[in-house]
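Keep the viewer open while reading.

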Amino acid sequence: MLTDQMAGWERAIERGSLFHRWIHQESVGIDLADSVRNEDDAVLQRWWENWCSTPPALPEGTVYSEIQLSAPILSHRLVAQFDRLIVTESGRMHIADWKTGLKAPVQSVFEASWQTRVYLYVAVEAGRIFVPKVLVNPSDVVLSYWHANAPSALRAIPYSADEHERARS
């Protein structure tokens, strides 16, 4: 039983990794028609159809795909691997994260997750590399999760200066 469960987890990780790779490749202009057409995994096919028919609502701006940023917090360093980071002309930052789990997404779970807190914190602290000579205002940073099984289910999660100060302490 455990072996079957492990095989299922491994397949889920492989599937999620391939889906993330497809999105990244699409973002740099690679034509994926043949790759998607030749994929025999019905779940991956459905996820891609969802991506194409109901893409996330993201702002225009400079797109950084699969980018890693880090920021100090107390005596530690936090590292975040963003699926996509968009910096708008006005200096606002929008983080996008793709989810491929099988469970239905629950907005409140994502809002309260450590991933959300870490991503928003790191974007503000490390964001100066994208918006030089300006401290990033936490209210100018937002995080959106897009779920492959429920592409319209989740809303953007805003950030605030109060939340950022609480994260610092």
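A salt bridge here is a side-chain nitrogen of Lys or Arg within 4 Å of a carboxyl oxygen of Asp or Glu. The model is predicted: local features need pLDDT of at least 70, side-chain atom pairs count only at pLDDT 80 or more, and totals for chains, interfaces and linings use all residues. Residues are numbered from 1 along each chain as its sequence is written, and side-chain values use heavy atoms, with hydrogens and water left out.

**Salt bridges**

The count comes to 10 salt bridges.

| Pair | Closest N to O distance |
|---|---|
| Arginine 37 and aspartate 34 | 2.3 Å |
| Arginine 155 and glutamate 111 | 3.9 Å |

Helices (H or I, at least four residues) and strands (E, at least two) are DSSP runs, numbered from the N terminus. Arginine 37 and aspartate 34 sit three residues apart in helix α2 (residues 33-37), so about one helical turn separates them. Arginine 155 lies in the loop between β4 and β5 (157-158), and glutamate 111 in helix α4 (residues 107-112). That pair links distant parts of the chain, 44 residues apart.

Accessibility uses a 1.4 Å probe and protein chains only: buried is under 20% relative accessible area, exposed over 50%, partly exposed in between. Arginine 155 is exposed at 53%. Glutamate 111 is partly exposed at 31%. Separately, Arg11, Glu14, Arg15 and Asp41 form a network of salt bridges.

**A buried arginine**

Arginine 84 is in strand β2 (residues 76-87). Lys and Arg count as positive, Asp and Glu as negative; His and the chain ends are not counted. Arginine 84 is buried yet has no salt bridge. The nearest side chain of opposite charge, glutamate 26, is 5.3 Å away. Contact means heavy atoms within 4.5 Å. Leaving aside neighbours within four places in sequence, the contacts of arginine 84 include Ser27, Tyr64, His94 and Trp98.

**Cores**

A nonpolar core is a set of buried Ala, Val, Leu, Ile, Met, Phe, Trp, Tyr and Cys residues joined through side-chain atoms within 4.5 Å. The largest has 28 residues, and Phe82, Ile95 and Val122 have the most contacts inside it. Two or more residues each come from β1 (62-73), β2, β3 (93-99), α5 (114-126) and β4 (141-147). The largest share, eight residues, is from α5. A second, separate core of 15 residues includes Phe19, Val43, Trp48 and Ala96.
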